[in-house]
Every structure is written in C-alpha cells, then in structure tokens.
Amino acid sequence: MTPHEAKGATQYTTYHPRWYRTRVSTYWWLGKWYYLKFVLRELSSIFVAYFVVITLLQIHSLSRGPEAYARFEERMRNPRWTPSPFSLCCSTRSHGSISRRGRWSCA
Amino acid sequence: MAETIQLEVTRYSPEHDAAPTFQRFEVPYRKDWVVLDALNYIKDKLDGSLSYRWSCRMGICGSCGMMVNGEPKLTCATFLSSYAPDAVRVEPLRYFPVVRDLVVEMTDFMVKLQKVKPWIIRKDGEYLQTPQQLDVYKQFSMCINCMLCYAACPVYGLDPLFTGPAAIALAQRYNIDSRDQGAKERMDILSQHEGIWACTFVGECTEVCPKHVDPAGAIQQYKLTAAKEWFKSLLMPWGAK
C-alpha cells in the first residue's frame with residue numbers, strides 16, 4: 001500500500017476515474033460584474049465600521065462635557081479624519097442594499 | 001441568420017488528458033433547439049464519445065446543468081437562439097471535479113444533502129396541513145437538485161466544506177414545514193461554521209436558480225433563527241435542551 005492509499009485518497013482505477021479539479025483563481029471576483037459588486041459591497045463595510053467608530057467617539061466626547069466635544073469637533077474638521085459625507089453615504093447605502101439581494105419571500 | 005451554429009464543448013478523457021480542452025462542433029441552428037438538443041445532435045451524428053448527463057428534457061430532473069457561456073444553466077431550458085449567431089461554449093458545472101467531458105462528480109453534494117436530513121421528521125400523528133401552511137415553504141420545495149447554485153457560489157468554490165445553497169434551502173424547507181419536528185436535529189449541522197455562517201450572501205445562487213427558489217433568502221432566514229436560538233440558550237441555559 002502506498003502512503004497515498006494509506007491516507008484514503010482517491011486512486012485512479014478503471015472503475016474510479018481520475019477527476020480533474022479546477023483551481024479557483026485568486027481573481028475570481030473580476031470574472032463577473034455581479035461578483036465584483038459583491039466584493040465592492042464587502043469593502044464598503046470598512047467605511048461603515050469607520051462611521052460606527054466615529055459615532056462612538058462622538059458620543060464619548062459628548063459625555064465628557066462641552067470642552068471635550070469642542071475638541072472632537074475641531075479634530076473632525078481636519079479632512080484627514082473624515083471621508084466626505086458623500087462617500088460615507090454611498091458606502092452605507094450600498095452596504096445596506098444587501099437585504100434586497102435575496103427575495104425573502106417566506107420571511 | 002446562419003443555418004449552423006458553433007458549439008465549443010469541453011472534452012476531458014481521464015485516461016489520456018492531463019487537463020480539459022475544448023472541441024469545436026458545427027451543428028444545425030434551429031430556433032426551437034436548446035443547448036441540450038445540440039449536444040444530442042453531436043452525440044448522435046458527430047462524436048458518440050461525448051459524455052454528459054441528461055434525462056427529462058423539461059427542466060424537472062435537474063440532470064443537465066452545465067456552464068453555458070460561463071453561466072450555470074439547465075441546457076434543456078437554454079435556447080441556442082439566445083446566443084446565435086455567436087458560438088456557444090459548454091463546460092461542466094464549475095467547482096465540481098470533472099469525471100469526463102461534461103460529467104461532474106456529485107457525491108459531495110449528495111453527502112451534504114443527506115446530512116441536513118431533507119425529509120419530514122415526525123414521531124407520530126396525522127400529517128395535516130392547511131394551504132396557508134403549505135405556502136410558507138412551497139417555493140423551497142421547488143428545488144430540483146440541479147446544483148446550478150453551487151456552480152454560482154464562489155464560497156463553495158473557495159471552501160468545498162461549505163454545505164452549500166441547495167442543501168441549506170432544502171433543510172429550511174423542512175424546518176418551516178408545519179408537519180416537521182426535526183428542526184433541532186438539523187440545527188447542529190446547519191449552524192456550524194461550514195453551514196450557514198460560511199455564506200457571505202453573494203446572492204448569485206438565487207439569481208441562477210431555474211426554479212426561482214431563493215436559497216440566499218433561506219440561508220439568511222436560518223441565520224436569524226440560529227442567532228435567536230443561540231440568544232435564547234444564553235438567556236435560558238436550563239431550557240435550551
């Protein structure tokens with residue numbers, strides 16, 4: 001018995017043909033617009049997570065008084081910290097659209 | 001319109017080939033012919049060694065699923081006229097091991113299907129049901145096990161352990177059947193990582209289904225059920241079992 005057989009792996013015999021397995025490409029998501037849309041939707045979760053963190057920081061600074069909140073606002077005025085509201089809006093919208101993908105007919 | 005149409009068909013002979021190749025055939029073009037008719041023409045008139053599965057020719061048996069121009073399709077329901085005058089490329093279902101030509105190995109699907117217990121589990125009693133109760137699960141019962149949803153699912157391609165859309169949809173079909181009492185038995189299989197939680201909701205399974213079943217919806221429904229059950233077991237650990 002070969003080590004391969006000992007592992008129980010499928011062996012080629014007349015009655016058990018050798019199968020051909022296709023390797024899934026790393027770039028499978030570029031093959032079809034639908035898959036690319038899915039990956040873009042998943043990437044939009046980064047913006048959604050960022051939005052959640054910013055909101056939590058905002059609430060935290062609000063709880064620490066007017067001065068802390070003013071400092072938070074000052075920091076947020078820097079464009080480095082805040083992506084444009086438009087991109088945030090688009091990302092959250094596209095991420096939210098997942099619920100419309102399935103038909104949910106029995107829900 | 002041309003009177004013939006080109007078919008590019010995957011050929012793979014395990015005895016001779018290291019990898020599949022394409023063979024081009026010219027078949028008569030008829031408006032009422034489906035891809036399966038063209039394959040049958042090749043088999044009858046041009047090359048009898050071409051291997052593929054088919055049975056009913058009316059979208060019921062689910063045997064003739066193949067990739068047609070890169071899309072999972074039932075070849076008995078895919079007309080040549082949708083592609084003419086361009087060539088039609090016919091390949092075996094994606095993500096499944098190829099046995100020969102267009103024939104794929106489907107044991108993996110059969111094993112997974114059996115694991116989710118797609119039958120009514122009930123100890124006793126009459127199996128009465130109202131039309132309203134039937135409507136709840138009816139669309140999931142339309143699944144014909146053609147495996148097109150597996151060929152459309154990149155998750156299954158990347159993680160072959162994934163239970164897959166059809167098996168989960170069929171499990172859900174029985175879970176929401178008012179006559180069934182086996183939801184708890186299926187929960188152990190379905191709520192594993194390789195079960196519902198592996199699904200990233202690409203949604204393509206629902207798009208390609210020839211019987212308009214919504215496997216993506218079934219999986220999301222079940223995710224909600226599993227999360228509720230988990231939460232209940234957290235709140236009431238003594239009552240969970």
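Author: Let's begin with chain A, which has four helices and zero strands. Here helices (H or I, at least four residues) and strands (E, at least two) are DSSP runs, numbered from the N terminus. Reading from the N terminus, the elements of chain A go α-α-α-α. Chain A has 107 residues, and 19% of them count as buried. For that label, buried means under 20% relative accessible area, exposed means over 50%, and partly exposed is in between (1.4 Å probe, protein chains only).

A word on the ground rules. This is a predicted model, so local features need pLDDT of at least 70 and side-chain atom pairs count only at pLDDT 80 or more, while totals for chains, interfaces and linings use all residues. Residues are numbered from 1 along each chain as its sequence is written, chains are lettered from A and ligands numbered from 1 in the order in which they are written, and side-chain values use heavy atoms, with hydrogens and water left out.

Now to the salt bridges. Side chains of opposite charge can pair when their charged atoms come close. The cut-off used here is a side-chain nitrogen of Lys or Arg within 4 Å of a carboxyl oxygen of Asp or Glu. Over all chains, the structure holds 15 salt bridges.

One of its partners is B:Arg24, with the closest N and O atoms 2.7 Å apart. B:Arg24 sits in strand β2 (residues 21-28) of chain B and B:Glu8 in strand β1 (residues 4-11), so this pair ties together parts that are 16 residues apart in sequence. B:Arg24 itself is partly exposed, at 46% relative accessible area.

B:Glu8 also forms a salt bridge with B:Arg89, and there the closest N and O atoms are 2.9 Å apart. B:Arg89 belongs to strand β5 (residues 88-91) of chain B and B:Glu8 to strand β1, so the parts tied together are 81 residues apart in sequence. B:Arg89 is partly exposed too, with a relative accessible area of 32%.

B:Glu229 is partly exposed at 32%, and B:Lys232 is partly exposed at 40%.

Finally, A:Lys32, B:Glu71 and B:Glu204 are linked in a network of salt bridges.
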